[in-house]
Amino acid sequence: MSRKKARESAMSLIYQMDLNEDFSKESIKTYLENFEHSVAEEEYVKDASNKIILNLEEIDEYINKNLTGWTIERLAKVDLSVLRVALYEILYREDIPIEVSINEAIETVRKYSAEDSYRFINGVLGGVIRSIENE
């Protein structure tokens, strides 16, 4: 299994759902029917997308609380999708170390977003981690 491929697929699916304003189970099913994944990758994508949808308000609140001079509506959709997948891992996956989730988010955003977006993503995720530790 390639966890990297699974993360990128989850990010792509969340990105697509956000653009289409369609966070339905049918969107997940359609996405998985159209892209080839191993069983383990598919399970990760299903779990990630379902938990992100179920906890979208909480995840977005963490993001919002850690934006300085920005609103969630102004974020690039790719950056927002990467943040959502990273927070899914940080908040709901005890089997993935926080450092790995942050590093993978930075690598993903470097691949798919603007040149300096990785700094922004790192700053937001760092703020989230500090806020979680202070709770």
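Which residues line the largest cavity? I get Arg7, Met11, Val82, Val85, Ala86, Glu89, Ser101, Glu104, Ala105 and Thr108. The elements giving two or more residues to that lining are α1 (3-20), α5 (77-92) and α6 (98-112). By class I have 5 nonpolar, 2 polar and 3 charged residues in the lining. My classes: Ala, Val, Leu, Ile, Met, Phe, Trp, Tyr, Cys and Pro are nonpolar, Asp, Glu, Lys and Arg are charged, and the others, Gly among them, are polar.

Ground rules before I go on. This is a predicted model, where local features need pLDDT of at least 70 and side-chain atom pairs count only at pLDDT 80 or more, while totals for chains, interfaces and linings use all residues. Residues are numbered from 1 along each chain as its sequence is written, and side-chain values use heavy atoms, with hydrogens and water left out. Helices are DSSP runs (H or I, at least four residues), numbered from the N terminus.

Back to the cavity. A cavity here is a set of points, on a 1 Å grid over the protein atoms alone, where a 1.4 Å probe fits but cannot get out; lining residues have an atom within 4 Å of a point.

Next, helix α2 (residues 25-34). I find Ser27, Ile28, Tyr31 and Leu32 buried (under 20% relative accessible area, with exposed over 50%; 1.4 Å probe, protein chains only). Seen down the axis, the buried residues of α2 fall within an arc of 125°, so they line one face of the helix. I take the arc from the directions from the helix axis to the C-beta atoms. Those buried residues pack against α1 and α3 (39-54), with contact meaning heavy atoms within 4.5 Å. On the other side of α2, Lys25, Glu33 and Asn34 are exposed.

Then Ser117, in helix α7 (residues 117-134). Is Ser117 buried or exposed? Buried, with a relative accessible area of 8%. Leaving aside residues up to four places away in sequence, I see Ser117 touching Asp79 and Val109. Its C-alpha is 9.3 Å from that of Ala76, 41 residues apart along the chain.

Last, Asn55, in the loop between α3 and α4 (56-65). Asn55 is buried at 18% relative accessible area. I also noted a polar atom of the Asn55 side chain 2.9 Å from the backbone oxygen of Lys51.

Definitions and conventions
1 Å grid on protein atoms, 1.4 Å probe; cavity = no way out; pocket = protein on both sides within 12 Å on 5 of 7 lines; lining within 4 Å. Polar contact = N/O pair within 3.5 Å; in protein donor to acceptor, adjacent residues only side chain to side chain.
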